[in-house]
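Please work through the exercises below with the sequence and the structure open beside you, and try each task before you read its solution.

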Protein chains: 2
Amino acid sequence: MKQSQLFVKTSRNAPADEEAKNAKLLIRAGFINKEMAGVYSYLPLGLMVLRNIENIVREEMNAIGGNEVSLSILHPKENWDKTGRWGTMDVLFKLQSQTKKMYALGPTHEEIIAPLAQKFISSYRDLPAYYYQIQTKFRDELRAKSGILRGREFLMKDFYSFHRNQEDLDSYYAVAQKAYARVFDRLGLKAVLTEASGGTFSKYSHEYQVLHPVGEDIIFHCDSCDFAQNKEIVEVASSDACPRCGKGKVASSNGAEVGNIFKLGTKYTEPFSVKYKDEEGKEHIAMMGCYGIGISRAMGLIAEIYSDDKGFLWPEQIAPFKVHLIELKNGLGSSLYERLQAKGNRVLYDDRDLKAGEKFNDADLIGIPYRAVVSEKTGDKIELKKRGEDRTELLTYNEFIQKLP
Amino acid sequence: MKQSQLFVKTSRNAPADEEAKNAKLLIRAGFINKEMAGVYSYLPLGLMVLRNIENIVREEMNAIGGNEVSLSILHPKENWDKTGRWGTMDVLFKLQSQTKKMYALGPTHEEIIAPLAQKFISSYRDLPAYYYQIQTKFRDELRAKSGILRGREFLMKDFYSFHRNQEDLDSYYAVAQKAYARVFDRLGLKAVLTEASGGTFSKYSHEYQVLHPVGEDIIFHCDSCDFAQNKEIVEVASSDACPRCGKGKVASSNGAEVGNIFKLGTKYTEPFSVKYKDEEGKEHIAMMGCYGIGISRAMGLIAEIYSDDKGFLWPEQIAPFKVHLIELKNGLGSSLYERLQAKGNRVLYDDRDLKAGEKFNDADLIGIPYRAVVSEKTGDKIELKKRGEDRTELLTYNEFIQKLP
C-alpha cells in the first residue's frame, strides 16, 4: 500500500486524555481513534494488526475442531432472566426497543449458545460439539482508563464446547489448554496459566495472565515451578515457600488477563435444557466448557510490550506490513515496490513528499519490522535496517530479497 | 469439512413464526438461527455465505481506493446532537451507561467518520480520501418480518469519500457506480440503478433496487431505457410513456434496496468542520459522498432468488462449498475427500450414518453447486449431479476433476 493512500497520519503528541501507553502510542501512530472513554475505532493499520491476531486465533480454534459462527449482539432479556444474570451482572448494557422489548448487548454468549446448541443436540452422537466466534462485545465498565486493554466495546474470541460427561469435558479442556499455549506463543505473549475463582464444576477456573505492570490483577507465582494463582483465591503471601513444589519462593506481580477457560458443567445447559439421549435411550444434561481470548486486549498488550520510546516493534506475524519501503526522492521506490509486491511481500511504500527525518520518525513509530530506504545516495542499492537495531546494510536487490524471511 | 463436524442440522419444518421465504429456508437449512424478531445468528454455513459476499464487496471497494477501517458501534450522543439526528432518527437505538453517558448504536457512521476525517484532512494534498467498513449495524425497526432482508441487527458495507469540490465528488460518484455494477454482477443480483429522494447536494440520491415481489419499495421503470425511480419521487403513472426516452412504457414493480449512494456535499463536513487549505492557503469545507451495501440483505435476496421448493441453488462464488461429497457407505468417500481438498476444492463431506434419501434431501436443501456421490453401486466411479439439474453422470476421477471449474 502506498502511504499517501493511507488517509491517516501520525501525530507528534500523545492525546492529553489518555493514561495508557498502548492507547497513547496507537493513537499517535494512527492505528486507532478514540471515540470516547473505553470506545475506539480501528484505522487501516490497526485493523490489519487486529486481523493478524484474529487469524492466528482462528487457525488454532479450527485446528481443535471449532466451527465458526456469528451470534447476535442483541440478546433477548428472557434468556438472561433464565440464568438469573439479568439482575446480577452489573456491566450488562441494557436497552429498550420502540416495541418495548428489553435487550442486552452481549458481553459473553452462554445465554445465546446454550439454547442454540439445544436445538441441534439430541443424541450422544451429536456430542461433542464445538462452536466459536470472533465478535465485538460490550461491557458497561465503570472505569475505562487502560486504552484498548479494557474497553466498553472490544473484540473477543469466545469458544463453547458441549460434552456427554465430565470425563470428556476434562479431556477437551486439556486440548484447549494446548491450543491456547500455541496461540500465545504465536502472538509473542508469555501468558501464565493461573488458577482463579469462578470454577463451577471444578475447584478453579483458569486465566492466562501476562505478567506486566499494566495489568490490573495481582498474580502470586512460584519462581521455580508453574504454580500461579490470582490474588482472589490465594492462600500464600509473598516470599512464602511455594505450596506446590516446596522448593521455590512465591512472588507477586501485576497480571493482565488475556484469556480464560472455564468448566461450566451444567450451569447453562440445565436452564436451557441441553439434553441428549445415551446409547440406552436415557436422557442426560450435557456438560459445557467455555474458552475466551481478548483479541483487542491481546493487541493492547503486544503494543505495551513490543514498543520503545520511538514507537512499535511489531513481531513479524502481527505487523501490519513486513517491509516499510521509504523513498527519499519522488518515484525512486516505485519499481522496487512493484517487484516486492509481485513476490508476495506485504509492503507499505512511503511515497509522500516529506523530509527524510519525518519519514524515518514515522517508520519508527509505525514499527514495521524491515525498513528499506532508496535514495540518490543508495543508487542501485537498498539500505536495509531492522526496527530496533541501529545497523544498516547497503544491499543489492538480490541480497535484499535473501535477507527477507 | 466433514458434515458430522458441522454441529448443525437441517430441519424438515419451517419455523411457525417466520413469514419470509429467505428466513424459512435459511433456518431449515441450518444457515441461521432466529434469536428474536429481526435478530439472527449466523451458523457455520450461513457465515461462509456471508463472508463470500463480504469478500466480493471488499475486493471491489479496495479496487477503487477504499481503505478499510472498523468504526465503533457505540456512538456518543454529542455527535448525533451536532447533526440534529439524535432527535429525528426514529430507528436510532439509544442506551445509557452506568456513568450516565448516553450512546447510540450505530445505524450508519457519518457522525463518526466525519470528525475522524477532520483529524487527518488539513490540506488539498490530503484529498480525496476514501474510508469504508463492513460492520454490524442496528436499526430499531417497528416491524421486522422480512427475515434477514430487514433486521434490527444486520451487516452493512458503508463507504465514505471526501473531496475538495463538487467536480471531484461527481467524478468519484461515477467510479463508485461502476464498482457497484461489478459487485452486483459478481453477486448474481440484477440491481437497477434507481433515482430516489434524499439527495442533499444533488436532485436525487441513487438506490440499487432488485426487482422482486419480496421488496418493500415500489419502483417505476421503463421497459425500454434505464429510467427507474422510487415511488416516493415519481411523477408518472403505470403505463405512461417513459419521461426519459419517450419510446418505452412505464411499469411498476416491487423492489428490494440492496445498496444506496448519496452525494452528501457539506451536510456532515460542515458541522464537524472537515476543512482543507487549497494551494493559496484559502480554507474550504470538504465535500462528502457515502455508498452503502446491505451485506446480509444481499444474502437474503440471493436466498430468495436462488432457491426452489427443495432448497437453495447458491451461485458458485457465493456457495459455502463447491462440492457436496456424499458417501452411501461409511468411509467410502474419505480418500476422494482428501484428494479433492488437496487440489484446493472447498468440499463438504457427508460422512454421516444416514439413509441415502435423507442425505440427498439435505444436499438439495443446502444447495451446494456440485453433488458427488460414491456408493457400492458407483464402484470406482463418481456420480456427479449439478444442483438444479436432473441429469447424473458416472465419471472416473479424472473425468470428474475436469468437470469442476
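The exercises that follow go from the confidence of the model to its domains, its chain contact, its helix packing and its backbone.

This is a predicted model, in which local features need pLDDT of at least 70 and side-chain atom pairs count only at pLDDT 80 or more, while totals for chains, interfaces and linings use all residues. Residues are numbered from 1 along each chain as its sequence is written, and chains are lettered from A and ligands numbered from 1 in the order in which they are written.

**Exercise 1.** State what average pLDDT chain A has.

Solution. Begin with the term itself: pLDDT is the predictor's confidence in each residue, from 0 to 100. For chain A the average is 96, and 99% of the residues score at least 70. For the complex, the predictor gives an ipTM of 0.96 and a pTM of 0.97.

**Exercise 2.** Find the domains into which chain A is divided, and describe the contact between them.

Solution. Domain bounds come from an automatic or database domain assignment, and in chain A they give domain 1 (3–308) and domain 2 (321–403). Next, take the centres of these two domains of chain A over C-alpha atoms, which are separated by 38 Å. Then look for contacts, where two residues are in contact if their C-beta atoms, placed from the backbone, lie within 7 Å; six residues of domain 1 of chain A are in contact with eight residues of domain 2 of chain A. On the side of domain 1 of chain A that touches domain 2 of chain A, there are two nonpolar, three polar and one charged residues. In this classification Ala, Val, Leu, Ile, Met, Phe, Trp, Tyr, Cys and Pro count as nonpolar, Asp, Glu, Lys and Arg as charged, and the others, Gly among them, as polar.

**Exercise 3.** Describe the side of chain A that touches chain B.

Solution. In the contact between the chains, 41 residues of chain A meet 41 residues of chain B. Among the elements that give two or more residues to this side of chain A are helix H2 (44–63), helix H5 (110–120) and strand E7 (129–138). Helices (H or I, at least four residues) and strands (E, at least two) are DSSP runs, numbered from the N terminus. By class, the side of chain A that touches chain B has 24 nonpolar, eleven polar and six charged residues.

**Exercise 4.** Work out how H2(A) and H6(A) are packed.

Solution. Axes are lines fitted to C-alpha atoms, for helices over the stretch in contact, and angles run from 0 to 180 degrees between N-to-C directions. The axes of H2(A) and helix H6 (residues 166–187) of chain A are 10 Å apart, at an angle of about 155°. H2(A) is therefore roughly antiparallel to H6(A), since angles under 35 degrees count as roughly parallel, over 145 as roughly antiparallel, 65 to 115 as roughly perpendicular and the rest as oblique. Finally, name the residues: H2(A) contributes Ile53(A), Ile56(A), Val57(A), Glu60(A) and Ala63(A), and H6(A) contributes Ala179(A), Arg182(A), Val183(A), Arg186(A) and Leu187(A). These residues divide into seven nonpolar, no polar and three charged.
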